[in-house]
Amino acid sequence: MLQFPENYFQKEIRCGFTVSETMKRYWAAQMEVLQEVVGICGRHHLTYYAFWGTLIGMVRHKGFIPWDDDIDIAMKREDYQKFLQIAGKELPAGWHLRNIYEEKEWGQYHAIVTNELVVDISEERLSRFHGCPFVAGVDIFPLDYIPRESQAAEMQKLLLGMIHAVVTSVKYLNENKQNATKEEIQGVKEAVEEGLAELEQVCHVSFVRGEPVVNQLLRLFDKISMMYGTQDADLLTSYADYIKGRNFFLEKEWLGTTQMPFENMVLTAPSDADKVLRAYYGDYMVFEKNTQAHEYPVYKKELAILHERGLWLNVQE
């Protein structure tokens with residue numbers, strides 16, 4: 001269990017932004033999850049990197065970006081797949097490795113390790129996770145190889161784009177059943193079926209109608225993403241971002257390893273973190289607040305549930 005000085009959990013203003021006591025405890029809970037992930041990687045000689053906003057925080061703040069509330073790491077595909085095979089057997093009881101191979105309803109392109117699936121104010125939970133009752137986790141992203149042969153790279157990108165388009169349409173159907181018109185729903189359903197049929201023909205696969213289709217699509221996405229290895233490529237990318245229009249390329253030599261401080265931990269970072277960050281963010285030294293893809297804080301709904309039940313009413317955000 002990580003050790004924190006007691007004053008760590010006091011409300012603090014960092015870079016003009018107020019970090020609450022609750023958020024500090026949530027940060028600490030996430031770091032406990034990260035500590036387990038790092039331990040598994042160490043025991044099995046797997047390389048991970050602090051990534052995305054966590055890497056910005058490490059370089060710019062030596063810890064969390066003050067207005068950030070999650071932890072991101074990345075692994076090259078070969079290590080990522082090994083981690084998925086190993087981690088579920090080594091995580092503490094009650095923890096979860098959430099990914100497309102473990103959960104048919106999982107709809108993310110990446111994996112997450114969490115310390116639970118539900119909020120829990122039991123004494124055991126609060127003691128283990130520094131007074132944090134919320135679900136805490138670490139996002140884990142695969143980095144894949146872009147083949148140096150241009151025709152192969154274009155075909156791979158085309159196929160991944162086709163899959164992503166169908167995934168987006170299916171998610172739209174699932175999220176808008178109550179709001180969209182019958183005509184809109186029917187049009188999207190037809191587009192989904194056309195997309196599935198085209199992928200079946202081009203990729204020589206068969207989708208099982210009636211089974212969760214997003215899961216089947218994301219498994220195919222993974223299969224195509226990992227078609228090429230280090231011997232075929234000079235560049236890597238996060239395909240889940242690349243096919244959305246982000247021309248994000250990483251040179252292999254940037255992904256050596258170095259150790260850097262992060263809050264009260266020392267984590268692995270890419271050896272050329274500056275180039276990695278500039279490749280995706282441009283001038284990452286410019287402060288941009290409230291850029292999360294989710295509402296801040298991420299545990300807002302869980303906190304509301306506690307308040308509705310008359311629990312944790314003394315917590316102020």
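**Close-up views of a predicted model**

**View 1. Helix α7 on its own.** With 13 residues, α7 reaches 18 Å from its first C-alpha to its last, close to the 18 Å expected at 1.5 Å a residue (the expected span is 1.5 Å times one less than the number of residues). Helices here are DSSP runs of H or I with at least four residues, strands are runs of E with at least two, and both are numbered from the N terminus. A word on the source: this is a predicted model, in which local features need pLDDT of at least 70 and side-chain atom pairs count only at pLDDT 80 or more, while totals for chains, interfaces and linings use all residues. Residues are numbered from 1 along each chain as its sequence is written, and side-chain values use heavy atoms, with hydrogens and water left out.

View 2. Because 11 of its 13 residues are buried, α7 is largely enclosed by the rest of the structure (buried means under 20% relative accessible area, exposed over 50%, and partly exposed in between, with a 1.4 Å probe and protein chains only). Among the buried residues are V213, N215, L217, F221 and D222. Look around them and you will find their packing partners: α3 (77–90), β7 (137–147), α5, α6 (182–203) and α8 (239–242).

**View 3. Helix α5 beside helix α7.** Here α5 (residues 150–175) and α7 (residues 213–225) pack at an angle of about 165°, with their axes 10 Å apart. The axes are lines fitted to C-alpha atoms, for helices over the stretch in contact, and angles run from 0 to 180 degrees between N-to-C directions.

View 4. K62 has a positive phi of about 60° although it is not a glycine, and sits in the loop between α2 (52–61) and β4 (72–76). K62 is exposed, at a relative accessible area of 54%. H204, also not a glycine, has a phi near 55° and belongs to the loop between α6 and α7. H204 counts as exposed too, at 72% relative accessibility.

**View 5. A cis peptide bond.** Between Y296 and P297 the peptide bond is cis, with omega near -5°. You can find P297 in the loop between α9 (273–281) and α10 (300–308).

Key:
Contact = heavy atoms within 4.5 Å.
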